[in-house]
Amino acid sequence: MDKNNSTQKNNPTELFGVFGNPVAHSLSPVMHNQAFACTGYNGVYLPFHVEKIEPAVMAIRTLGIRGISVTLPHKVGVMKYLDRLDPLAERIKAVNTIVNADGILIGCNTDCFGAVSALVQHTDIKGKDIAIIGAGGAARAIGWGIVDAGGKVTVVNRSAEKGEQLARDLSAGFVPLDKADELEADILVNTTPVGMHPGIDDMPVSKRIFRRGMLVMDIVYTPLKTEFLKQARAAGSRTIDGLTMFVLQGARQFELWTGLEAPVDVMREAVLEQLNSPNRIYYQEYSY
Ligand code: ATR
């Protein structure tokens, strides 16, 4: 780190982290610490293994932690312990980022921004037919982002009840997973964990869904080239890997916390290096 960098001169070290369970394998610490080092921001980011979210939120206040990423299973449960929710997090009903603004804890959701930014790097969303596979928290965040950007969403889900509920909230269409082949979408996004290591040969839908020119995004990034993306490419679709959204949601967090422009390429490189390395850095997680 450059000790002469003006952004950190005379500033005390700020503490950041991620609350999750499990959290030991999170790639957020390496991504954010690399971003701090590269911009000269005097910050440290650590993984916290959190079983009970209420005392963990209290710790943000007592210890003066500047910012927290919230991951599974706390994205919904954390909301009631915060002082404020930004309007987007309120609508999505999930928080993945806490900003400590002079003692006021504000809940935000950057998953939505990450997904939409990843898509708009490749195409306009307005007026496009976009099928979202899955109806969990990730689908909810991405769905709201797409609706706000003027896309026409269809929710595709295994359980009709959960899929129809999300479709109602988004004023979107619903198609059961076993009818997914009949869809004519411009953009297709997988938000289910299907295809994630170790089930790397699995796909959430059959390859008959892919069309030439379709834009296909996966949120799974272990492995980076999921079977879903491989088959999409083979059918002539364009693809966006899961790391893109992960890094962009992290970049947005970095900007909310520091007010600096995020070094997106450096952040992606840091995560890629970890994913490809046989000797991955494991941060000793803090638990209590
Ligand atoms: P998250 O909050 O990370 O999105 P989640 O709330 O557990 O995770 O949601 C996961 C989504 O992936 C759900 O929509 C789930 O479908 P159901 O609503 O039918 O449970 C979907 N999903 C998980 N495993 C799946 C599988 N093997 N095949 C199809 N869909 C699956």
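First, the ground rules. The model is predicted, so local features need pLDDT of at least 70 and side-chain atom pairs count only at pLDDT 80 or more, while totals for chains, interfaces and linings use all residues. Residues are numbered from 1 along each chain as its sequence is written, and side-chain values use heavy atoms, with hydrogens and water left out.

Let's start with helix α4. It spans residues 111-120. Helices here are DSSP runs of H or I with at least four residues, strands are runs of E with at least two, and both are numbered from the N terminus. Is α4 mostly covered or mostly open? Mostly covered: eight of its ten residues are buried. Buried means under 20% relative accessible area, exposed means over 50%, and partly exposed is in between, using a 1.4 Å probe and protein chains only. The buried ones are D111, C112, G114, A115, V116, S117, A118 and L119. What covers them? The cover includes helices α3 (87-92), α5 (137-148) and α8 (242-258). It also includes strands β10 (187-190), β11 (215-218) and β12 (238-240). Contact here means heavy atoms within 4.5 Å.

Step back to the loop between β6 (104-108) and α4, and you find N109. N109 is buried, with a relative accessible area of 4%. Its side chain makes polar contacts, meaning pairs of N or O atoms within 3.5 Å; within protein, one must be able to donate a hydrogen and the other to accept it, and residues adjacent in sequence count only if both atoms are side-chain atoms. A polar atom of the N109 side chain lies 3.0 Å from the backbone oxygen of A94. A polar atom of that side chain also lies 2.9 Å from the backbone nitrogen of D111. And D111 is one of the buried residues of α4. Leaving aside residues up to four places away in sequence, N109 touches D86, L88, A89, I92, A94, V95, N96 and A141.

Next, helix α6, residues 160-170. Here G163, L166, A167 and L170 are buried. As background, an α-helix has 3.6 residues a turn, so residues three or four places apart point the same way. The buried residues of α6 pack against α5, β8 (152-157) and β9 (173-176). On the other side, E161 and R168 are exposed.

Now the ligand. How many residues surround the ligand? 13 do, and the closest are A135, G137, N157, R158 and S159. To count as near, a residue needs a heavy atom within 4 Å. A side-chain N or O atom of N157 is 2.9 Å from a ligand oxygen. A polar side-chain atom of R158 is 2.9 Å from an oxygen of the ligand. For S159, a polar backbone atom is 2.9 Å from a ligand oxygen. On its own, the ligand has 640 Å² of accessible area, and the protein covers 68% of it. Those areas come from the Shrake-Rupley method with a 1.4 Å probe; for residues, only the protein chains shown count as cover.

On to cysteines. The structure holds zero disulfides, a disulfide being a pair of cysteine sulfur atoms within 2.5 Å. For C108, the nearest cysteine sulfur is that of C112, 12 Å away. C108 is buried, at 6% relative accessibility. C38 counts as partly exposed, at 40%.

Last, the backbone. Most residues other than glycine have a negative phi, and most peptide bonds are trans. Where are the cis bonds to look at? One runs from N21 to P22, with omega near 5°. P22 sits in the loop between β1 (14-20) and α1 (28-39). Another joins T222 and P223, with omega about 10°. P223 lies in the loop between β11 and α7 (227-234).

Then positive phi. K93 is not a glycine, yet its phi is about 65°. K93 lies in the loop between α3 and β5 (97-101), and at 48% relative accessibility it is partly exposed. S171 has a phi near 50°. S171 is in the loop between α6 and β9, and it is exposed, with a relative accessible area of 69%.
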